[in-house]
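Work through each task with the sequence and the model in view, then compare with the solution.

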Amino acid sequence: MSTLPDSSRRNFLKLAATAGGGLLLGFNWTSAGATTPTVVSEAAFAAGNTDFNSYLSIAPDGIVTIFSPNPEIGQGIKTAFPMIVAEELDVDWKRVKVVQAVLDKQKYERQLTGGSGAIPHSWKRLRQAGATARQMLVEAAAKRWNVPAAECTTDKGTVTHAATGRKLGYGELAPEAARLPVPAEVKLKDIKDFRLIGSSVKNVDNRNIVTGKPLFGLDFYREGMLFAMVQRPPAFGMKFKSVDATAAKAMAGIVDVVTFKNNVAVVGKSTWQVKKAREALKVEYEKEGNLESTPDHDQLFANLLNSAEATVRRKDGDVAAAFATAAKVVKGEYQCPFLSHSPLEPMNFFAHVRPDGVELVGPTQTPELARTETAKLLGISPDTITLELTRMGGGFGRRLKADYVLEAVEVSNLVKAPVKVIWTREDDMTGGSYRPAVRYRFEAALDAGGNMVGYKLRGVGINAGNPTRENNFPSGAVDHLLIDSVEHQSPITTGPWRAPITNFLAFAEQSFLDEVAQAAGKDPVQFRLDLLDKAKQAPVGELKYDVDRTRKVIEMVAEKSGWGKKKGIFQGFSVYFSHASYVAQVGEVLMVKGKPVLKKIYAVADCGVVVNQSGARQQVMGGIVDGVGHAMYGNLTFRDGAAEQTNFDTYRLIRINEIPEIDLHFVDNGIDPTGLGEPALPPTGAAVANAIFKATGKRLRNQPFSEQEVYKGVM
Amino acid sequence: MAAFKLQINGRSYQADVEPDTPLLWVLRDHLGLVGTKYGCGIAQCGACTVHLNGKATRSCVLPVSAIGAAKVTTIEGLSANGDHPVQLAWEAVDVPQCGYCQAGQIMTAAALLKQKPKPTAGEIDAAMVGNLCRCGTYHRIREAVKIASTKTK
Ligand code: FES
Ligand code: FES
């Protein structure tokens, strides 16, 4: 297995080396375009005249090249996609090369990394592509040997006819296979026969990463390229008024200073020169909206929680009656702050706006959006825009937006030169699109037997849209239920952040259910299982989750963690369904010198078939580390519309000495794969908070935990 | 602007830059050595870690004028064939997720093992604490440093 940094069509052909007469098969891993794989001619491929977004080639030397178009952000797609194709093709992984596709005139529908959607979206199609090629190779061999295709078998890139002891490599068969009709129907492997899928395959870019090769957007350099930094308004609610750029323009290496929208861009010959010159700008701003501060938000939340103007998200039964006749009512409120995405590679993009079209290069989770927005901005056809994806130094949702791409386009258009726009860490942290701050109020009505018969949730958020997931658990398990929300619109910009909404809703909800279980005098795990029984036997309204899969992860994590059987260790439980996957966790806390210390997290994940063990384990472990880190330390506050934390000295991220041990298991159920990049994060906060509650008797109601009373003076 | 002679990865380079330019940007913008990454610019994340006379150093806060005759090693020059025990261990453990922080992690780990070939778990954490990994690959980093330490003489 090797990886090739180059990505143009021409280079793919060169690398695929089908010129000597190999097999080039086009296919779609999305639902757009032709549905069956087809043999493609090199000429059609080179001209971009096909209906396909992915290609698979088998060269005469037997090397298989897969042209994989999904943006790589660290979720392992670039490795997992070709694994699925190679599995059905029955080829030796060492003989597979992977090339990242360019976004061109092809239909790259859903060429984006977000919502843990990439693998589930394309599972069947990728398998079909591999199986089609395999079947064509088998038929080519059968024809040559004059034997029935059904008697031939494949293994590691060869076709064998056991009865006559004959064997040929795929490379030798590829030219003949290319002339055969594409089979209308192919048989996919039985999951039991998977050899590559479910094994541990290493990230295909490892070699380049550990040797420091240029891979990321920020690593893109080109002769004659200019560098730009953009001065944006200093606070949300301010707008640009005027700029005096005399001093900046006089500085070494500065080529131009241009303004667009509310921004001033300094353009020059090197990163450091434009950074220094930007500091010499004298920009005046004026107020255009509210300049909000964090203490205002706290007050605002209190008001919104009592607002009469809520949007009802779900209503089952008669909530008022259930609460009026309840034996016991439990109430709890939970709040989470704004968070920055802070991928370690800050925002950046390269643009070259030419009279005949636009060239874009850089890291984005949504290349198609970047392209259509560029077209809109310049009033040109998207067909004249090419976009080359680089590897991304993380994204966490931040790179779903195209704002920083458009900045590069604006600046290149104004200075008529190729430009790379670079954000400093400070730009990245203060420049917006945060995880929104939200507050929740929960109320539960218990009957005399401690059963939850009524449930109310109000979510209030700042630019958070609907901060609830009204059809998730416990909906469906409670007879009388009301979920509603109120939104405050603010100049502070927000956007999706890894596991949007559920990243904080899960903490609040799973902490509250822990409270309710305690009030009901029930074990927290048993309490959930009882609710699931109810959802199974007498479901109320719509259910978005699978009761049996939820039950399975709960029971498995309870068993793995020795739930309730340990002495001197305080355990907290949490389970959550998001992005079509199920994850249950148990956090373990020890008291050290009177303070709770998180030692370990047990996790059980059901994300269907695990394609790549190594990648999957890291996704889940990374998600848990992320969940612990942000629950413990993450906090972005505002004063007069400006973010108060500007870099990692004040915005605390989790470090190596702060991680818990993680004991991780996957449910092996053969179900088609579902999301993996996100679902491990949501349950983590409550697993930790509930364990801390067990240890200290103190309920953590707000994030970050490190600033709550249990940690006062020690964090 | 001034001309600075630099000893990097056993070769000599010349850079015509302002004296306050951090080594990080000299490497990236002027010398084409982009393996050293920018993450924070204020010595908080470790993405920019290089070796200065064998010691792990944050190149984002090191002005080029302060380097003098000191020998600089970057990820590109850590080993001739990318086969430093730390690099090999990183591959064996499949450490990288997005990969952006990893050059810095590797440089910090390599400097630690040079100083202390058999570090304890606590010493590994203490050495690596200045390197952020936003993807949370810390468990694998620990494991890879341990494996590399068994291969370091
Ligand atoms: S970039 Fe130098 S420590 Fe972060
Ligand atoms: S691997 Fe992404 S920041 Fe470390």
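**Exercise 1.** Find how helix α11 (residues 367-378) of chain A and α12(A) pack.

Solution. The two helices pack at an angle of about 35°, and their axes lie 10 Å apart. Axes are lines fitted to C-alpha atoms, for helices over the stretch in contact, and angles run from 0 to 180 degrees between N-to-C directions. Helices (H or I, at least four residues) and strands (E, at least two) are DSSP runs, numbered from the N terminus.

Next, take the residues in contact (heavy atoms within 4.5 Å). From α11(A) these are A370(A), E373(A), T374(A), L377(A) and L378(A), and from α12(A) they are V405(A), L406(A), V409(A), E410(A) and N413(A). Sorted by type, they give 6 nonpolar, 2 polar and 2 charged. Here Ala, Val, Leu, Ile, Met, Phe, Trp, Tyr, Cys and Pro count as nonpolar, Asp, Glu, Lys and Arg as charged, and the others, Gly among them, as polar.

The model is predicted: local features need pLDDT of at least 70, side-chain atom pairs count only at pLDDT 80 or more, and totals for chains, interfaces and linings use all residues. Residues are numbered from 1 along each chain as its sequence is written, chains are lettered from A and ligands numbered from 1 in the order in which they are written, and side-chain values use heavy atoms, with hydrogens and water left out.

**Exercise 2.** Explain why the largest pocket lies between two domains of chain A.

Solution. Start with the space: the largest pocket holds about 860 Å³. On a 1 Å grid over the protein atoms alone, a pocket is an open set of points with protein on both sides within 12 Å along at least five of seven lines, whereas a cavity is a set where a 1.4 Å probe fits but cannot get out; lining residues have an atom within 4 Å of a point. Grid points are joined across faces, edges and corners, and a volume is the space filled by probe spheres set on the points.

Then consider the lining. α12(A) gives the largest share, 4 residues. Domain 2 (217-288 + 347-422) and domain 3 (307-338 + 434-707) of chain A both contribute residues, so the pocket lies between them. The domain bounds come from an automatic or database domain assignment.
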